[in-house]
Amino acid sequence: MELLELAIYVLFPAALGLFAVGAAYRLLRYVFVYRSGFYVRRPRGIGHVIKGLIMTFLNPIILAFRGNAVEAFSGLIVLHLAALHPLVFLLAQHIAYIQQIIPPYGILWPLAIPISAITGTLQVTTPTGVVQRVTTIWGPLTSVLNGDILAVIATIGIVYKMVEKFVEKARGHRRVRTGDLLVWPLLLLIVLTGWLAAHHYPPGVCWYRLLLGLHITSAAAFVAVMPFTKYFHFLWGYWYGKLHEWYDNVIKRGV
Amino acid sequence: MTTIYPRVPTVLPPAHLPVVRLNSVTLHYMESCVGCGNCAPWCPYYYVDEEFAPVEKAELVRQILRRRYTAAGILAGRVVGARMPRTEEELWELLRSAYRCADCGFCYIACMYGIDSGAMMMALRQMLYEAGVAPTIMKVLARFERDGLYKGHPAVKSAWEAFLKEAEAPVGRRGARVLLAVTLMDITLTRDAVLNTIKVLKRVGEDFTLPEVPFGVRPPFGAIAGDVKAQRDTIKDLVAYAESLSPRLAVFIDGGYVYPQFRFEATNILRRPLGFQVLHVIELFAEYVREGRLRLKPLGIRVAWHDPCHLARRGGVIEEPREVLRKFTDYRDLPGHGERSWCCSGGAGIIFLSEEFYRRVSQLLGTDITAGVSPRESAFLRETEEALRRAMLKKVKDVRKSGVQMLVTACPACIETLRAGLKFHKVDVGVEHISNLVAKALE
Ligand code: SF4
Ligand code: SF4
């Protein structure tokens, strides 16, 4: 079996399975070590509690910009909101592929992002042989909101983060662990192979199948290890952490 | 004479470092940090050295937890950022980091993932304390309080009696509406504020009582020393005493950790509700103002409120002091205020870590506690003092910018820290406890 077939039919589904097991393990641990508290809350009106909820989520964003605007802009806005999320979840090729595995995912087609700026109408060829024509809601926005531009932004972001982590490690920062040094190159590999494959570059079916195989394999590796890493944050850590903080500070203490 | 020397005099072999138990919150703090550094600029100690950024300090605890509680940590150790300190030297290194955190909570609200690095540092203090590594003054005062030694100590007794004589207020009266929970630290560091609080209570005709003996040293001292048993025993003892007097309110003059410990943590420690409600004196004053019982004449001075972290960010008391101060002063906020106030940097016991404080406590207790101090601890104390001076620069800058004549606050540790710090950095702004100012403005 060649790499592409292995990646599509074995590795990626296996990675999803591992992901599910890992995610369940991580979430169950929270249940097992949970200990209830006995607190007398400060009575506050519903308005205060809702405002507190909004501020709990906004505070770190405001403080991030005040603390280090460049880092906040590049890390939070460019890398997360502008590049990675749309690229991973909305690129037409990805929607088509994920839809094959999880059919309801197709609901996102109206938000699909084309691979390049040439047209807002998508002609998608995926390894599973599906051809889709879609019109997205983005219209002229696709001149910036397209795979090419997002891949460039993501590449710059990832390289920046990678260099930053190596520099921090060299400066003796404890927070940079070996995993951090491995995962950024892995992300870079995912983006670059995907981009090259999507553009059929280098030309030739062999290259295409090899690069796409590598793209899916590296993505599978990332998906499989994700529940065991800090990258689980967007599914769990972020929401649990902020909601716990809201309970602790706003509901309990009335801040 | 009763010895007040530490319960754990020797250092345990580090292999036995007692690791705190994991719960869902510490589990989250252990596994969700992404190392973004968003917390760093809001920690006063980050400006002393980057290694004291909240994320870097808390990573030390994460390393220990990973080593103890994760399969990867046990199997792969350092490769996955898991590490158990091995030598006494390392434990002292950890102690240094543990005391570069005032548990102010600013990093908590700045973190995208709600990670409370201050709580992690308090967990570190607990582990170190159990292993026998803690500053002498912390061990002495935690024990002194836990065992109730302060109740019969001759020097404390005479200081308390002299205070009661001056206060001329009811003592140990059952059924009074308010128990004014005056601590030994209150009458030592902010005696004027205690006497002025009593003056205000008398003026409004409050039905109140003082305790028969000090309401702890600065209870529960174990909470900041890392002595969990002392924390629990002290709370148990003092809550039982307060309940024996059946007040409706227990009111604290200290707006430091004492307030949230009794207001929020005591019920969790005792696993039951308290027989009284806990207030800080500023909440009581605000209540008087709202009811029209407290009339204050304008003093015409420009003041700002310094939010003690444990009263505001960790206590939820933010509006009340402003409500009262606006009645009789030319009030303005500091640039960083309320939930986003800069910490004075001396909280969680850091202000006590100086040779001068060791001497003052020795004098108070009539026992030379400096006798048990090793050269290593002396060096630690000097370094901590120096770090505090640098850490508070953000606050000093804010005070300078505000153009106020006086800083008003409510925590003895903040008052001590700010007075010394502003003087050191040549900022001519006074620092007063709110009770002093209110008493001055009484009509
Ligand atoms: S609680 Fe305050 S002092 Fe401690 S690490 Fe966080 S910001 Fe720094
Ligand atoms: S802000 Fe939170 S996630 Fe980021 S480094 Fe600090 S503790 Fe970790």
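A:Trp236 counts as partly exposed, at 22% relative accessibility. The model is predicted.

- The ring centres of A:Tyr30 and A:Trp236 lie 5.1 Å apart.
- Their planes meet at 70°, so the pair is edge-to-face; the cut-off for that label is over 60 degrees.
- A:Tyr30 belongs to helix H1 (residues 3–32) of chain A.
- A:Trp236 sits in the loop between helix H7 (205–225) and helix H8 (237–252) of chain A.
- The pair therefore ties together parts that are 206 residues apart in sequence.

**A ring cluster in chain B**
- Which residues do ring pairs link into a cluster? They are B:Trp42, B:Tyr46, B:Tyr47, B:Phe106 and B:Trp342.
- One of these, B:Phe106, also has B:Arg313 over its face, at 4.4 Å from the ring centre.

**A charge over a ring, from chain A to chain B**
- The charged end of A:Arg253 sits over the ring of B:Phe264.
- The distance to the ring centre is 5.4 Å.

**Around ligand 1**
- Residues of chain B surround ligand 1, among them B:Cys43, B:Cys101, B:Cys104 and B:Cys107.
- The surrounding residues also include B:Pro54, B:Lys57, B:Ala102, B:Asp103, B:Gly105 and B:Gly118.
- B:Trp42 is part of this shell and belongs to the ring cluster as well.
- How do the shell residues divide into nonpolar, polar and charged? Seven are nonpolar, two are polar and two are charged.

Technical notes. Residues are numbered from 1 along each chain as its sequence is written. Chains are lettered from A and ligands numbered from 1 in the order in which they are written. This is a predicted model: local features need pLDDT of at least 70, side-chain atom pairs count only at pLDDT 80 or more; totals for chains, interfaces and linings use all residues. Side-chain values use heavy atoms; hydrogens and water are left out. A residue is near a molecule or strand if one of its heavy atoms lies within 4 Å of it. Ala, Val, Leu, Ile, Met, Phe, Trp, Tyr, Cys and Pro count as nonpolar, Asp, Glu, Lys and Arg as charged, and the others, Gly among them, as polar. Rings of Phe, Tyr and Trp (its six-membered ring) pair if their centres lie within 6.5 Å; planes under 30 degrees apart count as stacked, over 60 as edge-to-face and the rest as tilted. Helices (H or I, at least four residues) and strands (E, at least two) are DSSP runs, numbered from the N terminus. Buried means under 20% relative accessible area, exposed over 50%, partly exposed in between (1.4 Å probe, protein chains only). A charge sits over a ring if NZ of Lys or CZ of Arg is within 6 Å of the ring centre and within 35 degrees of the ring normal.
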